[in-house]
Structure formats: structure tokens, C-alpha cells
Amino acid sequence: MSEIAAAGARPAWRTKLGAGAEAATSAPDLRRRMQLGLAGIWLLVGLLQYQSFMFSKAFSQMLAGTASGSPGVVASPITWDATLVEHHAVLLNTIFATIQLLLGIGIAWRRTVRLALAASVAWALGVWWFGEGLGMVLTSSASPVNGAPGAVIIYALLAVLLWPADRAGRPAPFTAARAVGAPVARALWLVLWLSLAYFALLPANRAPQALNGMIAGMESGEPGWLAALDRGAASLVAHQGLAASIVLAVALVIIAIGVFLPPQAAKATLVLAIVVAAVIWVVGEAFGTILAGGATDPNSGPLLILLALTYWPLRAAVTAPARTGASAALAGTDEGTAAS
Amino acid sequence: MIPAWILDIFAAVMLVVAAVSAVRLVAARPWRQGARRAALADIDVAHLLMAIAMAGMLAASLRTLPNGAWSVIFAVLTAWFAYRVVRDAQVSGVRALAGGHCAPHLIHAGAMVYMFVAFTAPATHGSGGMSGMAGGMSGMGTLELPSLAFVFALVLIGYSIWDLDQLSGPGASGHYSLAVARVAPSGAVLVGVGAPGGGGPGAPGVSALASDYGGSAVSTDPAVTSQAPPAGAPGTMSRGVLAPWVATSCRIAMGVTMAFMLLIMV
């Protein structure tokens with residue numbers, strides 16, 4: 001039976017309704033899939049920002065709290081911002097939520113992906129300062145287990161690494177290298193993970209009960225199973241702060257240098273990165289405390305996992321494709337967007 | 001406390017979705033095709049019912065049926081879409097369990113059942129069930145099993161993002177795209193742009209499209225395409241509200257709104 005004849009057997013009204021037709025796909029490539037992951041996280045963040053907690057004074061107090069311990073030059077604008085939000089909570093929070101919602105939609109919509117990614121970098125940098133106090137990295141209490149160096153800076157990093165362009169010249173060995181090149185991508189990875197290792201070894205984090213207290217503090221308001229998990233994890237590291245910090249720091253250093261290793265070894269370290277990020281997300285961050293209500297974002301865990309995936313060695317290194325008319329005009333994403 | 005006007009905006013979006021779905025059903029007249037085929041208008045019926053229910057959950061003045069009635073309705077829809085997903089999986093393989101065109105609707109229906117069953121009214125509203133929610137959401141009830149709400153929200157966001165990508169994609173002709181897709185007199189859908197990966201008829205991509213059409217065919221053959229009637233002629237799919245992208249847009253709006261409702265009630 002020919003394909004055309006087979007088609008004729010379908011009820012006409014169903015063709016009208018398009019039943020079944022919606023599922024047709026134009027399969028996105030790997031980088032596009034990662035952009036969609038980033039878009040999904042932005043959409044989640046935008047929706048979380050609409051929670052009732054964010055329209056209350058508690059939100060401005062939370063913002064003001066991020067100034068604590070930071071130098072004056074960093075803290076003063078945060079305090080000013082928190083005061084402004086306190087006085088115009090409904091208006092400003094609605095704007096914040098809508099911007100983040102639009103960032104997610106914009107990245108997912110192919111024609112606006114560049115605009116949305118660029119805007120997300122600017123927005124993320126603003127939130128990193130005014131909303132997260134630079135991820136507390138200038139204080140003595142930053143820890144990889146509680147989200148340092150600030151989840152939102154990883155959004156910006158991902159937007160840069162997933163920018164829809166390809167560098168001409170040598171083929172990209174992994175997705176993150178396509179836009180900025182392998183040396184720059186590796187350097188960014190190294191800086192991020194070495195900084196996490198450094199934070200893990202700060203005196204405040206290697207104190208005997210530091211990690212225990214951090215994890216145990218996450219169980220409040222969480223569902224029973226997650227609270228039990230946190231209690232169990234906290235008891236494992238009770239009075240083991242120094243040893244736990246050293247183990248974590250060693251793992252983070254191995255992850256940091258992993259992208260410089262041959263592909264098979266690099267894959268092993270990336271798996272380690274994903275596992276560490278998942279453990280941090282579940283145990284240390286309690287899914288960003290979303291299940292307890294009042295979370296502004298899912299914290300750094302899923303972003304670190306997405307970041308690790310962008311460094312996964314590609315089977316065949318990607319070279320800058322030639323620009324092809326239809327796809328380049330429509331997509332503005334991967335196909336045919338080689339940088340000249 | 002969430003300002004009521006924000007909830008009203010989401011409720012208004014749901015009313016638009018309900019109206020569009022109703023118009024699609026009226027325009028397509030599936031009931032003229034007999035009971036068995038009429039049952040396949042499931043997606044628009046589901047959109048219509050979910051949009052009405054969600055509008056009532058978001059704004060008290062838009063409340064229609066009792067919570068128990070909605071629970072039963074969405075339980076039936078969930079069972080129906082579960083059946084459709086299993087059938088899709090039997091025809092198209094295991095991937096249809098997540099990627100088939102009925103899978104998102106199964107999640108939507110399941111999320112609706114969950115919201116109606118798991119809702120707990122705030123103490124000040126007594127034990128009025130969802131009426132506490134309709135009283136309205138800015139009075140904020142919560143959902144039991146918040147982990148499940150989070151999982152539902154993540155999946156709904158995932159499907160919405162995927163739909164947005166496909167709707168704006170270069171290979172979306174005839175399905176997601178805003179562009180015109182032509183329908184041959186025999187009923188075959190003819191795609192003027194090559195399938196992703198350049199597959200011709202018989203290529204994997206085309207086979208997948210054909211199966212999603214319930215056995216119909218998609219052709220990239222220029223010779224066949226040239227026989228198609230011009231856009232706008234009788235038999236085209238680009239008939240305003242009946243175009244497939246309209247249904248997909250409704251699904252996106254519903255998915256985002258549903259995720260919003262789940263997250264604010266965690």
C-alpha cells in the first residue's frame with residue numbers, strides 16, 4: 001500500500017483537528033537540548049517567584065540577609081535594593097517573576113534564543129549581586145554544599161557556553177567549547193570547580209560540626225522522607241567536618257582537572273561531577289527547599305549537572321557547519337550559525 | 001499572599017483556552033463521524049474541561065462543578081489517555097510512553113486529579129475542599145504530598161518547553177509550525193521542507209511522523225508535493241482555529257498554568 005493511499009484511510013475531521021499531528025518533531029541537536037534544559041530551569045524559577053512568600057516582607061528580608069558579611073561596597077546596594085522591594089513588593093516581584101518566565105520562554109522559542117540568552121546573562125549578573133550577595137563568596141561562610149558561588153552565576157555561565165554559534169577552526173571536543181573554544185571553556189570549568197574546592201576548605205566549613213549543622217538545618221519544613229534523608233546524612237558527618245571537607249575538596253579538584261584528561265578519564269570525572277552535584281542538591285540543598293515552600297530557585301545542583309553535561313566528550317568533534325539558507329534563517333540556533 | 005489580579009490573569013488565559021477548544025470542536029464536528037471516531041476528539045475535550053476547571057480553581061467566581069465531580073471527570077480522562085499512551089507504545093515503541101502525542105495529556109489529566117484530591121484548605125477556610133482554593137488561591141491552601149506536586153510541575157515544564165521549541169522549529173511544518181501545511185486530496189500531509197536530517201519517504205524521521213499521524217503518510221517528494229492544492233484551498237490544514245499549532249499553543253498555556261498552580265500550593 002502506498003503511503004498516500006494509507007493516508008486516505010484517516011478520518012477527515014481528525015486531520016482538521018490535527019489529532020496526533022502535534023507530536024511531530026524536528027529533533028534538536030545536543031546543544032539545543034541543553035538550551036532547553038536551561039530554559040526549563042528559568043521557567044521553573046519564574047514560576048517559583050510567583051509564590052505568595054515572594055509578595056511578603058519576608059522576601060525583602062531574605063534579600064537584605066544576603067548583604068550580611070559582605071564588604072560595604074557590595075552590601076550597600078543590596079540593602080538599598082531590599083528596601084525598595086519592601087516598599088513595592090507586589091509590583092517589583094511581579095516584574096521579577098515575569099522577566100524570568102519570559103527568559104525561559106525566550107530561550108525555548110528558537111527565534112528569540114539569542115536575545116533571551118543575552119538578557120539572561122545580564123539578569124543573572126544583577127541577581128547574583130542584588131539577590132544573592134555575590135553568592136556570599138566574599139564572606140567566610142560560602143560553601144559548595146549550600147550553593148556557592150551562587151546558583152544564578154551558573155545560569156550566566158551556561159548562557160555563554162550554550163550560545164548558538166560555532167567557532168571556526170578546530171573541531172569542538174565537547175558542547176561547551178562550540179561557542180567559546182575549548183581552552184576558554186576548560187579554563188572556566190577549572191576556575192569554577194577549584195573555587196568550590198577552596199570554599200569547601202574554609203575554616204567555617206571544616207569545623208567539626210559545620211557540615212552536620214548545614215545539612216541538619218535543611219530538614220525544617222521538608223517532607224518526611226527528605227527530612228529523614230537529611231538527618232541520616234547529617235549524622236554521618238557529625239564531628240567529621242575536617243575529614244568531610246578534605247574528601248569533598250579532593251573530589252572537586254579531581255573534577256576540576258578532569259576536562260584536561262583524555263576522553264575516557266574525562267567522562268569518569270564528569271560522572272563524578274554529576275554524582276557530587278546530585279548529592280549536594282538532594283542532601284545539602286534539599287532541592288533548593290522548594291518542597292518546604294518559599295524557594296526562589298532550585299539552587300546550584302541541577303545547574304552543575306547541566307554544566308557537566310556540556311563538557312561531555314562528543315563522539316565526533318563538532319566543526320562549524322556551513323550556513324544553510326532555511327535552517328539558519330529559521331533557527332537562529334545551531335544549524336548554520338557558524339561564526340566567521 | 002498572591003495578588004488576586006495575578007490569579008485572574010491566569011484564569012483569563014484558561015478561559016481563552018476553553019473558548020478556543022470549544023470552537024475547534026464545533027468547527028471540526030467530530031460527532032458526525034460516529035461515536036467511535038468522535039471519541040478521538042479527546043485532546044480538545046480534555047483542553048476544554050481542564051481549562052474550565054482551572055479557571056474555577058484560580059478565581060472563585062468561575063467555579064462550576066463540585067470538586068468530586070471534577071475528580072471523577074479527570075480520573076476518567078486519565079484512564080483514557082493512559083489507554084491511548086499504551087496503544088501508542090504498542091504501535092510506535094516504548095518511546096511513545098514519554099514522547100507520544102498523548103503522553104503530555106496523560107500528565108495533564110493526572111495532575112488535575114492530583115490537585116483536586118490532594119488539596120488541603122487553609123485552616124481559616126475550614127474543610128471546604130477545593131472551595132477553599134476557589135475562595136481563592138490567594139487564600140492559599142496547600143497540596144498533600146508536595147514531592148508529587150514538584151515532580152508534576154517539572155514534567156509539565158519539560159513538555160511546555162519542548163512544545164515551544166517544536167512550535168518555533170524549522171522542521172515543524174504541518175505540525176507545530178505557524179507555516180502552512182498542505183494536504184493532498186487523498187488526505188496525505190505533504191511537507192514542503194525536508195525532514196530533519198534530510199530523510200526522504202521511508203526514512204526513519206518520516207516513518208515516525210507517519211505513525212504519529214495514525215498511519216498516514218508524510219511526503220517530502222517534490223513531485224508529490226507539487227500536486228498539492230494551493231494553500232488556502234479546500235483541504236488545507238491552515239484553517240485558522242483548526243490548525244494543529246493552535247492545539248499545541250493551548251497545551252503550552254495549560255502546562256505553564258498548571259505548573260504555576262502546583263508550585264504555589266507546595
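Start by selecting A67(A), which sits in the loop between α4 (57-65) and α5 (72-87) of chain A. Helices here are DSSP runs of H or I with at least four residues, strands are E runs of at least two, and both are numbered from the N terminus. You are looking at a predicted model, where local features need pLDDT of at least 70, side-chain atom pairs count only at pLDDT 80 or more, and totals for chains, interfaces and linings use all residues. Residues are numbered from 1 along each chain as its sequence is written, while chains are lettered from A and ligands numbered from 1 in the order in which they are written.

Is A67(A) buried or exposed? A67(A) is buried, because 21 other C-beta atoms lie within 10 Å. (Buried takes 20 or more other C-beta atoms within 10 Å of a residue's own, exposed 12 or fewer, and partly exposed falls in between; C-beta atoms are placed from the backbone.) Now show A75(A), I78(A), T79(A) and G133(A): A67(A) touches these, leaving aside residues up to four places away in sequence. Contact requires C-beta atoms, placed from the backbone, within 7 Å.

Next, pick L84(A) in helix α5 of chain A. L84(A) has 14 C-beta neighbours inside 10 Å, so L84(A) counts as partly exposed. Select S60(A) too: S60(A) and L84(A) are 24 residues apart in sequence, and their C-alpha atoms are 8.3 Å apart.

Move to helix α3 (residues 30-48) of chain A. Of the 19 residues of α3(A), 17 are buried, so the rest of the structure largely encloses this helix.

Then highlight helix α16 (residues 301-310) of chain A, where eight of the 10 residues are buried. Which elements do the buried residues of α16(A) pack against? They pack against α3, α8 (151-161), β1 (172-174) and α15 (263-284) of chain A.

Last stop: chain B. Select helix α3 (residues 42-58) and helix α6 (residues 103-118) of chain B, whose axes come within 11 Å and cross at roughly 30 degrees. Axes are lines fitted to C-alpha atoms, for helices over the stretch in contact, with angles running from 0 to 180 degrees between N-to-C directions. Show I43(B), A46(B), M50(B) and A53(B) of α3(B), which meet H105(B), H108(B), A109(B) and M112(B) of α6(B).

Conventions. Two residues are in contact if their C-beta atoms, placed from the backbone, lie within 7 Å. The expected span of a helix is 1.5 Å times one less than its number of residues.
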